[in-house]
Amino acid sequence: MADRGITTKWLGKAIRGLRTFAYGPGERPKVGVALGGGFARGIAHVGVLRALEQNEIPIDFIAGTSVGALIASAYASGTSLDDMAHQASLTRFRDFGRWTLSRMGMASNDRLQDFLQRLSTAKYFHQLRVPCAIVATDLLKGESIHFTDGEIGPALRASCAYPGLFLPVEYRNHFLVDGFLTEQVPAPAVREMGADLVISVHLEPGLLDSPPRNTIEVISRSFSIIQSIANQPWRAASDVLIEPDVHHILWDEFVKSPQLIAAGEFATLEAMPRIKSLLDRGPGRPDGGNGETFRASE
């Protein structure tokens, strides 16, 4: 088994060497990873990133919406995936949410800034090792706001301010809520940052097997129905679309972290031949930028 591991590593280095010889240092496509929202289902992103790391897929840019923003910022800061997986298994709603009485929502997510510090020491975007964008929605203008500089905490809180559950966040003269409303998966954000090859991760909630248990699930399911029939421009900005099979996981089932991570890994490994094929084509957007996607869940 040890010999096999050494051989695999040697082959990986040999392949990278051939890529460099084929189109020179720095001439491969710039890779951007876009992580969508999904509450507890977002833990599947850890599995996606783990599979990409294990297959030595470079990540030049990363962006996140909602829980995807938390995972993206932690990853960009250099936090190990093992540490993320451990923290995910311990997470509960009280770690980032605080019930409150307000006309604007049922809870505050102000604890999210402290929660981020459990995963990362970075407080500002310029401290991140990988360029990162966090996406929120301007509720007054109805458009996406891409945060790439300044403090990470307020941008993260805004991106995770799920309408009806969490209070909106006022930041930089914007009245902000969850980024999923305008950019369910932040493929446009990483494309804007300079990515040639965009790998998008969409966490489809699917159909409920039973009636909703509470107001939050009513709101969540309603948004899912609206988005399933709406035009979604982020799909056209994606070159590879990974959809882990997590539809059966409820929004607050953080205890199912191992299953979620495994689902993310499996779906990404299914897409790996496509990713490597596009990566080997050289710089520039694959296939002339026609928005071709690949659903790893199929």
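This text walks through a predicted model of one protein chain, from its overall make-up to a few single residues.

The chain contains nine helices and ten strands. It has 298 residues, and 54% of them are buried. Among the contacts in the chain with a separation of 6 or more, 75% are between residues 24 or more positions apart.

The next topic is empty space inside the protein. Rolling a probe the size of a water molecule over the atoms shows where empty space is left. In this structure there are two cavities of 30 Å³ or more. The largest cavity holds about 310 Å³ of space. Its lining consists of 20 residues, and those closest to the centre are Val 67, Leu 70, Phe 96, Phe 115 and Phe 254.

Which of its residues are buried? In α5 they are Leu 112, Phe 115, Leu 116 and Leu 119. Seen down the axis of α5, these buried residues fall within an arc of 105°, so they line one face of the helix. The spacing can be understood from helix geometry. An α-helix has 3.6 residues a turn, so residues three or four places apart point the same way. The buried residues of α5 pack against α3, α4 and α6 (152-159).

In helix α4 lies Gln 87, which counts as buried because its relative accessibility is 13%, below the 20% cut-off. Leaving aside neighbours within four places in sequence, Gln 87 is in contact with Phe 115, Arg 118 and Leu 119. Phe 115 and Leu 119 are among the buried residues of α5. In helix α6 lies Gly 153, which is buried at 9% relative accessibility. Gly 153 and Phe 115 are 38 residues apart along the chain, and their C-alpha atoms are separated by 9.6 Å.

How many of the residues of α6 are buried? The number is eight of the eight, so α6 is largely enclosed by the rest of the structure. The buried residues of α6 include Ile 152, Pro 154, Leu 156, Arg 157 and Ser 159.

Aromatic rings come next. The chain has eight aromatic pairs. One of them is formed by Phe 93 and Trp 99, which are stacked, with 4.7 Å from centre to centre and 25° between the planes. Phe 93 is buried, with a relative accessible area of 14%, whereas Trp 99 is exposed, with a relative accessible area of 52%. Another pair, Phe 147 and Tyr 171, is tilted, with 5.5 Å from centre to centre and 45° between the planes. Phe 147 belongs to strand β6 (residues 143-147) and Tyr 171 to strand β7 (residues 169-171), so this pair ties together parts that are 24 residues apart in sequence. Phe 147 is buried, with a relative accessible area of 2%, and Tyr 171 is buried too, with a value of 15%.

Ring pairs also link several residues into a cluster: Phe 93, Phe 96, Trp 99, Phe 166 and Phe 254. Two members of this cluster, Phe 96 and Phe 254, were named above among the residues closest to the centre of the largest cavity.

The last topic is the backbone. Most residues other than glycine have a negative phi, and most peptide bonds are trans. Glu 56 has a positive phi of about 55° although it is not a glycine. Glu 56 sits in the loop between α2 (44-54) and β2 (61-65). Ser 66 also has a positive phi, near 60°, and is a residue other than glycine. The place of Ser 66 is the loop between β2 and α3. Are these two residues buried or exposed? Glu 56 counts as partly exposed, at 37% relative accessibility, while Ser 66 is buried, with a relative accessible area of 9%.

Key:
Residues are numbered from 1 along each chain as its sequence is written. This is a predicted model: local features need pLDDT of at least 70, side-chain atom pairs count only at pLDDT 80 or more; totals for chains, interfaces and linings use all residues. Side-chain values use heavy atoms; hydrogens and water are left out. Rings of Phe, Tyr and Trp (its six-membered ring) pair if their centres lie within 6.5 Å; planes under 30 degrees apart count as stacked, over 60 as edge-to-face and the rest as tilted. Buried means under 20% relative accessible area, exposed over 50%, partly exposed in between (1.4 Å probe, protein chains only). Helices (H or I, at least four residues) and strands (E, at least two) are DSSP runs, numbered from the N terminus. On a 1 Å grid over the protein atoms alone, a cavity is a set of points where a 1.4 Å probe fits but cannot get out, and a pocket is an open set with protein on both sides within 12 Å along at least five of seven lines; lining residues have an atom within 4 Å of a point. Grid points are joined across faces, edges and corners, and a volume is the space filled by probe spheres set on the points. The arc is that of the directions from the helix axis to the C-beta atoms. Contact means heavy atoms within 4.5 Å.
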